[in-house]
Amino acid sequence: MADAVLVLNSGSSSIKFGLFDISGADPTLLCKGLLDEHEAKPRLVVTSPAGEDLFEQRKDEADADGGHLLADVLAFVDDRFGQGSLRAVGHRVVHGGPDYSGPVELTDDVMARLAALTPQAPLHQPRCLAPVRAISAIRPALMQIACFDTAFHHGLAPPASRFAIPRHYEERGIRRYGFHGLSFEYVAGRLARIAPELAAKRVVIAHLGNGASLCALRGGRSIDTTMGLTPLDGLVMGTRCGTIDPGVLLYLQQHEKMSVDAVQHLLYHESGLLGVSGLSADMRALLASREPAAREAVDLFTYRAAQETAVMANALGGLDGLVFTGGIGEHAAQIRGAIGDRLAWLGVRIDAAANNAAHERINANDSAVDVLVIPTDEETTIARHCVAALRAKAQVS
Ligand SMILES: Nc1ncnc2c1ncn2[C@@H]1O[C@H](COP(=O)(O)OP(=O)(O)O)[C@@H](O)[C@H]1O
Ligand SMILES: CC(=O)OP(=O)(O)O
Ligand SMILES: [Mg+2]
């Protein structure tokens with residue numbers, strides 16, 4: 001019976017999980033899976049690290065907090081790896097606010113503070129916290145640890161962290177935090193291993209998934225990022241608008257007579273690729289479509305991604321490396337190519353063959369900027385933090 005940690009990565013539409021053996025120097029994945037609790041028939045799928053099916057379960061009724069499926073996951077872990085093997089559950093929690101610069105054990109007090117941040121991440125925070133409550137109800141003694149998307153950006157300082165509004169709002173926590181930090185942390189760590197000289201220079205990481213943001217990395221640390229107080233800012237996303245003239249929000253409320261809730265729904269759920277294309281939030285579907293509106297949505301996505309990359313390069317005082325990650329960044333060669341083309345003036349040259357083959361390095365020989373594709377792994381970052389937290393509590397050797 002090996003010591004193990006269970007990692008839950010709660011996204012906007014499903015919960016991904018990974019079970020890690022933590023007896024070695026670095027956590028190793030034992031199995032992974034998906035909880036789709038919002039379908040009419042909620043579903044749990046467990047696969048091996050290579051993707052072979054190990055277990056599947058369907059429920060007949062909706063499972064709003066995923067509690068029933070999580071009980072099945074815990075039972076599966078007991079059954080396959082032995083009762084008592086689980087030392088902790090690590091959770092991706094999107095918002096840690098000003099208080100948390102690193103992982104924290106989830107007590108009632110911490111949960112209350114995190115729940116209070118819901119207005120700053122309404123799409124994500126409730127979905128990150130529901131599984132914590134569900135697991136507490138099933139296994140109250142099991143240690144649960146929160147790992148934050150905001151923590152990697154905790155060193156963000158003025159002017160990058162500041163909004164140009166009266167400064168007493170900043171004292172009340174209204175500042176730029178940044179997100180996707182668990183992904184940026186993983187990619188920055190991997191970059192330091194595969195290209196240590198580049199990792200010490202001026203690098204932009206482009207996390208392009210359903211949510212999308214950029215991180216300006218200097219010496220391995222985040223000095224600026226495109227998301228702000230909320231994960232709504234910055235790039236065009238699947239259903240989120242990204243940076244928008246704040247006057248639009250006032251106009252919608254004052255002249256279109258939309259309620260605050262309706263504006264929130266519009267900006268989080270109906271905008272981005274979905275809103276502009278009128279077809280889909282899914283980049284694969286848009287790239288496959290012949291509709292002009294699909295092409296326009298993709299065009300806006302790459303235009304804004306290149307524009308914001310230049311903003312990050314400005315924060316860094318230049319650009320030595322550009323790293324693509326996330327579902328789109330890892331798999332959509334056409335998007336990487338289009339962003340690269342728009343950044344030619346910064347010296348970016350992408351090699352078409354390397355790009356189409358999704359090699360780790362995709363820049364042409366004459367490129368002034370190194371361009372890489374590094375698959376992200378938020379779950380491994382969380383597992384590593386859990387091991388460190390358990391060691392600090394001397395609960396594992
Ligand atoms: N082969 C592919 N080509 C283009 N886009 C892809 C491909 N595979 C995944 N994507 C896109 O990646 C996005 C999802 O990214 P992902 O990082 O998995 O999202 P999440 O934020 O939910 O974790 C979707 O827009 C999807 O269409
Ligand atoms: C913070 C965020 O946008 O996360 P996701 O990409 O999972 O939606
Ligand atoms: Mg994601």
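Which residues surround ligand 2?

## The shell around ligand 2

Ligand 2 has Gly11, Ser12, Val94, His124, Asp149, Phe179, His180, Gly209, Asn210, Gly211 and Pro231 around it; a residue counts as near a molecule if its C-beta atom, placed from the backbone, lies within 6 Å of it. This is a predicted model, in which local features need pLDDT of at least 70 and side-chain atom pairs count only at pLDDT 80 or more, while totals for chains, interfaces and linings use all residues. Residues are numbered from 1 along each chain as its sequence is written, and chains are lettered from A and ligands numbered from 1 in the order in which they are written.

The shell holds 3 nonpolar, 7 polar and 1 charged residues. Asp, Glu, Lys and Arg count as charged; Ala, Val, Leu, Ile, Met, Phe, Trp, Tyr, Cys and Pro as nonpolar; the others, Gly among them, as polar. Domain 1 (4-148) and domain 2 (197-373) each supply at least three residues of the shell, the bounds coming from an automatic or database domain assignment.

## An open sheet

An open sheet of 5 strands runs in the order β11-β10-β9-β12-β13, with mixed pairing. Strands (E, at least two residues) and helices (H or I, at least four) are DSSP runs, numbered from the N terminus, and two strands pair if DSSP finds at least two bridges between them. At the edges, β11 (221-225) and β13 (370-373) each pair on one side only.

Strand β10 (residues 212-218) pairs with β11 in the antiparallel sense over 4 bridges. Leu217 has Ser222 in β11 as its bridge partner.
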